[in-house]
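Student: I would like to learn how to read charged pairs, cores and helix packing in a model. Could you take me through them by way of a worked case?

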Amino acid sequence: MDNTAIAFLGFLALFILLFIRMPVGVTMMLVGTAGIYFIRPQAAIPKLAGEIYNEASNYPLTIIPLFVLMGNLAGVSGMSRDLYDAAHSWLGHLKGGLASATVVGCAGFSALSGSSLAAALTMGRVSLPEMQRYNYHNGLATGSIAAGGTLGILIPPSAGFVIYAILTEESIGRLFMAGVIPGLLLTALFILAIWIVVARDPEMAPGGASAESLRKRLRALARAGWIVGIIVLTIGGIYTGVFSAVEAAGIGAFLALVVTAIRRKLTWANIVEVFSSTLKSSGTVFMILFGAFVFKTFIGFTGITYALSLWVDSQGFTGVQVVIAFLAIFIVLGMFMDGFAILVLTVPLVQPIIEPLGINMVWFGVLMVIALEMGLISPPVGVNVFVVKGIAPDVSLNTIFRGIWPFWFAMLAAVILVLMFPQLALLLPNTMFG
């Protein structure tokens, strides 16, 4: 059996196992090890052990548990509530203002946690009762939570960017900086989508809070000063070069712990909840990475990526055309698979094809993450939709999925804008790193 046939059987086995809901990391590790064994039997176990050891001892990966810890501490300390209250105070009186405040709150929390699911879950629990109290349409309310949560893998610190950086050997700091402007752009596009929805049908957001005085708004902003300060310190420190992304994660986690202690929220129950949740989330990500690198080694042994790159070159496609084709594939895959699964499965295949075409991998990383965000809210598997369903059991899935479409098209607009104007993603990393 030649290597191409082994590669085909490997992918077939992978998708079958994923279809029957075997964990992504375990699936890739199993298929990758078996595939290596069929090509080079003596290399299977050493490669399995070597890849797991290399990633487990990879210092930059400490950024993942540290930022997850920081986000969990923000939740139990009440900082996430303060952030939503500040956004509510400034935007709540506008048409669709509560939904806009939810998006802004999700963006702010994303800059602390790096997790889409955590952003949707945490801000959803805070904002949904408020929107329902003012008779917001359930589709707009839940759609804004699900879409706002997706900002967690675009706005730094992004777990998606960390994994992408490890897979492509790009700088985590450059990718974090590349996500800032597109993250702010997408936040603005989400707010624009809300405004358009409400302008077309005012009954979608019939009421809002009365406008608060400037004094109350400033007080609300001051209460959110802790979380804003931590965000500015960590992201600003990376941008100015004062400390690395890993050091920023450590400092941010420490400050979040200090704030939690100052607010007397560091109870034994909260400590158990925060650290157990951090360990579970980090363990899941690490298992995915272990499997991804074993599978990546298997793909390298088959030579399939080299054959695909030769075929693409022979067709005369331009780099941008290939990028657009891959983005379309990612969006379709996102309707059926988890975003992290797509990331770790496709990057080892895609990078050797597009890099020789002169494509900037940082720019492509931003485009890929936005495409994966679209998958997080796309039917039938949209993970964020099911997270929101968990906090809104009285709202049907059909209603939630109908509510996300304006935001889905806002994401598509963001992809088009970043495709047309690469400097939206490259300006900050080029300014900072040269």
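Student: Which side chains meet Arg133 in a salt bridge, and what is the N to O distance?

Tutor: Side chains of opposite charge can pair when their charged atoms come close. A salt bridge here is a side-chain nitrogen of Lys or Arg within 4 Å of a carboxyl oxygen of Asp or Glu, and the partner of Arg133 is Glu130, at 2.9 Å from N to O. Both residues belong to helix α7 (residues 116–133), where they are three residues apart, about one turn of the helix; helices are DSSP runs of H or I with at least four residues, numbered from the N terminus. This is a predicted model, in which local features need pLDDT of at least 70 and side-chain atom pairs count only at pLDDT 80 or more, whereas totals for chains, interfaces and linings use all residues. Residues are numbered from 1 along each chain as its sequence is written, and side-chain values use heavy atoms, with hydrogens and water left out.

Student: Is Glu130 buried or exposed, and is Arg133 buried or exposed?

Tutor: Buried means under 20% relative accessible area and exposed over 50%, with partly exposed in between (1.4 Å probe, protein chains only). Glu130 is buried at 14%, while Arg133 is exposed at 53%.

Student: How many salt bridges does a search of the whole structure find?

Tutor: The search finds three. One of them joins Asp82 to Arg263, with the closest N and O atoms 2.6 Å apart. Asp82 lies in helix α5 and Arg263 in the loop between α14 (245–262) and α15 (268–302), so this pair ties together parts that are 181 residues apart in sequence. Asp82 is buried, with a relative accessible area of 13%, and Arg263 is partly exposed at 25%.

Student: Which residues touch the most other members of the largest nonpolar core?

Tutor: In soluble globular proteins, nonpolar side chains tend to be buried together. A nonpolar core is a set of buried Ala, Val, Leu, Ile, Met, Phe, Trp, Tyr and Cys residues joined through side-chain atoms within 4.5 Å. The largest one has 154 residues, of which Ile63, Leu140, Phe176 and Phe364 touch the most other members. Leaving aside neighbours within four places in sequence, Phe364 is in contact (heavy atoms within 4.5 Å) with residues including Tyr164, Val323 and Phe330.

Student: Which residues of α7 meet α20?

Tutor: Among them are Leu117, Ala120 and Leu121, and the α20 side includes Val383 and Val387.

Conventions:
Helices (H or I, at least four residues) and strands (E, at least two) are DSSP runs, numbered from the N terminus.
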